[in-house]
Amino acid sequence: MRLDKYISKALGVSRKVAKELIRQGRVWIDGKVIKKADFKVSPNAKVVIDGEELELKEKIYLMLYKPKGYLSTTEREADYPSFLDLLPEYEHLKPFAAGRLDVDAEGFLLVTNDGLFAHRITHPRWGVSKTYEVVLEKPLSSEDIAKLLRGEVKIGGKPIKVKEIKPLEENRVLLTLTEGKYHIVKRLFRSLGNKVLYLKRVAIGGVTLDPSLREGEYRELTEEEVKKLKRLVKLE
Ligand code: URA
């Protein structure tokens, strides 16, 4: 993040005031005076103003391409590594995943430390869509697709709303749901006598996993992407 933006967020002042503080030579980063407003502050930099360390309770919104074999929980004592191991420079900001992905699933993990935002993104009331690329053991018949779209496939006796289903190949579909439940995609296809062999989340709320990210890589969401998601859950 740019230094002027960092200071404006940490102190709750305008960018103009932040720039002035920087110009006056009152801002130190990791022991050096920094006079450039566009200086890039690394996430674990020590930023000091007038001798006092700033603590930026910065809200983060990251798009992580979670690989298979990683947990989307923050526990460390489990059999698998946590996604946190892929973002060591953000760990001090206490991130968590807004919507889990199974250990054998991959794709878009929305990582944030904004509790209200995460709650709304995952709560069925807000109906934020999640799109999955799914490879199945058997081809999906047009009858199965119709049943899914009519909401006739149930999990635990409750019909599941499927927003969209797009066949890509015989055994490969793009499935969009507006609710999240434990193992929802796997259970949905199990109810149809099929089996999920591969599962990748490719979009959340219309924000698509960046194709330039490789497994294990991440980037910050752009301002537009954050706005788009926040608008969906009435936080903008
Ligand atoms: N549905 C599943 O079955 N697993 C996931 O990880 C996400 C949705």
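Helices and strands here are DSSP runs, numbered from the N terminus. Keep that in mind as you move around this predicted model.

**Stop 1: a loop residue**

Select Arg125, which sits in the loop that connects helix H3 (115–122) with strand E8 (130–136). Is Arg125 buried or exposed? Its relative accessibility is 65%, so it counts as exposed, because the cut-off for exposed is over 50%. Arg125 and Glu179 are 54 residues apart along the chain, yet 8.5 Å separates their C-alpha atoms.

**Stop 2: into strand E8**

Move along to Thr131, a residue of strand E8. With a relative accessibility of 13%, Thr131 counts as buried, because buried means under 20%. Which residues does Thr131 touch, leaving aside those up to four places away in sequence? Show Leu174, Leu175 and Thr176 together with Lys200, Arg201, Val202 and Ala203, and you have its contacts.

**Stop 3: the largest pocket**

To find the middle of the pocket, select Gly99, Arg100, Leu101, Asp102 and Lys181, which lie nearest its centre among the 23 lining residues. The space inside is about 620 Å³.

**Stop 4: strand E5**

Now jump to strand E5 (residues 61–66) and show its side chains. How many of the six residues of E5 are buried? Six of the six are, and the strand is mostly covered.

Next, bring in the partners of E5. Strand E7 (residues 106–112) runs antiparallel to E5, and six bridges join the two. For a pair to zoom in on, take Tyr61, whose bridge partner in E7 is Thr112. Strand E15 (residues 218–220) also pairs with E5, again in the antiparallel sense, over three bridges. Here the pair to pick is Leu64 and Tyr218, with Tyr218 standing opposite in E15.

**Stop 5: the second largest pocket**

Tyr61 is one of the residues nearest the centre of the second largest pocket, along with Lys5, Lys9, Glu223 and Val226. This pocket is lined by 16 residues and holds about 420 Å³ of space. Which helix gives the most to its lining? Select helix H6 (223–232): H6 provides four residues. Helix H1 also supplies at least two. Colouring by class brings up five nonpolar residues, one polar and 10 charged.

**Stop 6: helix H1**

Finish on H1 (residues 3–11), where Leu3, Asp4, Tyr6, Ile7 and Ser8 are buried. An α-helix has 3.6 residues a turn, so residues three or four places apart point the same way. What do the buried residues of H1 pack against? Display helix H2 (15–23), strand E1 (27–29) and strand E3 (47–49) to see their packing partners.

How values were computed
Residues numbered from 1 in each chain as written. Predicted model: local features only at pLDDT ≥ 70, side-chain atom pairs only at ≥ 80, totals over all residues. Heavy atoms only, no water. Buried < 20%, exposed > 50% of the residue type's maximum accessible area, 1.4 Å probe, protein only. Contact = heavy atoms within 4.5 Å. 1 Å grid on protein atoms, 1.4 Å probe; cavity = no way out; pocket = protein on both sides within 12 Å on 5 of 7 lines; lining within 4 Å. Points joined across faces, edges and corners; volume = space filled by probe spheres on them. Nonpolar A, V, L, I, M, F, W, Y, C, P; charged D, E, K, R; others polar. Pairing = 2+ DSSP bridges.
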